[in-house]
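Have a go at each task before you read its solution.

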Amino acid sequence: MKPVQIDFTLNGKPVKVLARPNQTLLDLLHNDLRLTGTKKGCDRGDCGACTVQINGRAVNACLVLAPQVAGQKVTTIEGIGSYEKLHPVQQAFMDLDAIQCGYCIPGMIMCAKALLEENPNPTTEEIRTYISGNLCRCTGYLHQIEAVRQAAARMKNSNPGSQDSCKSLALIGSTAKELYMLGLTSS
Ligand code: FES
Ligand code: FES
């Protein structure tokens, strides 16, 4: 099929790309644009590893055709934090040791971020329900749920000074794998 041009906003910046009409957003992001934090697990909407935000809503990128994001705002894990300033959800996952193999983590973080933007004070049950589409084979979910709770509390009582010192300490002890899974490096 002949590629079509798509204009959309990706991680806050306007982009113009060519995509096949039947290409998924996941393949466009991961393969063509090399935003490899967005993972392919099942490729059919079952695992949540490919979760991104479209106009703020958590969406499985494997279920969206790339041309459908024309004119929309897409946010991936690479667009939410940096070495200098982690997103509070990324920071909480680091602090709570909520990462094991890490494959599910970018999708889980994007889902949790969307939840906290929609509902800044979720109950534990609401967190469980919201991230129930994000499957993790390693952790048993307890640390991840606690990380989302902590992120909610930190975002509510946001104190930039204390967050920065916490971030620096976390980054000093980060492994390459953790940084990769937080979307802070592509290698
Ligand atoms: S890869 Fe998209 S939900 Fe599994
Ligand atoms: S940390 Fe391994 S799949 Fe979730």
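A crossing of two helices counts as right-handed if the near helix is turned clockwise from the far one by less than a right angle, and as left-handed if it is turned anticlockwise. Keep in mind that this is a predicted model.

**Exercise 1.** Work out how H3 packs against H5, starting from their axes.

*Solution.* Start with the numbers: the two axes come within 11 Å and cross at roughly 40°. Angles under 35 degrees count as roughly parallel, and 65 to 115 as roughly perpendicular. H3 and H5 are therefore oblique to each other. Next, the handedness: H3 passes H5 in a right-handed crossing. Finally, look at who touches whom: H3 brings Met108, Ala112 and Leu116, while H5 brings Gln144, Val148, Ala151, Ala152 and Met155.

**Exercise 2.** Find the largest nonpolar core and say where its residues come from.

*Solution.* The core holds 46 residues, and Ala61, Phe93 and Ala112 have the most contacts inside it. Now go through the elements: S1, H1, S4, H2, H3 and H5 each supply at least two residues. H3 gives the largest share, with 9 residues. As for domains, at least three core residues come from each of domain 1 (4–79) and domain 2 (88–181).

**Exercise 3.** List the contacts of Phe93, leaving aside neighbours within four places in sequence.

*Solution.* Click on Phe93 and pick out Ala98, Ile99, Ile105, Ile109 and Ala147.

Conventions. Residues numbered from 1 in each chain as written. Chains lettered and ligands numbered in written order. Predicted model: local features only at pLDDT ≥ 70, side-chain atom pairs only at ≥ 80, totals over all residues. Core = buried A, V, L, I, M, F, W, Y, C linked by C-beta atoms within 7 Å. Buried ≥ 20, exposed ≤ 12 C-beta atoms within 10 Å, placed from the backbone. Helix = DSSP H or I, 4+ residues; strand = E, 2+ residues; numbered from the N terminus. Domains from an automatic or database assignment. Contact = placed C-beta atoms within 7 Å. Axes fitted to C-alpha atoms, helices over the stretch in contact; angles between N-to-C directions. Parallel < 35°, antiparallel > 145°, perpendicular 65-115°, else oblique.
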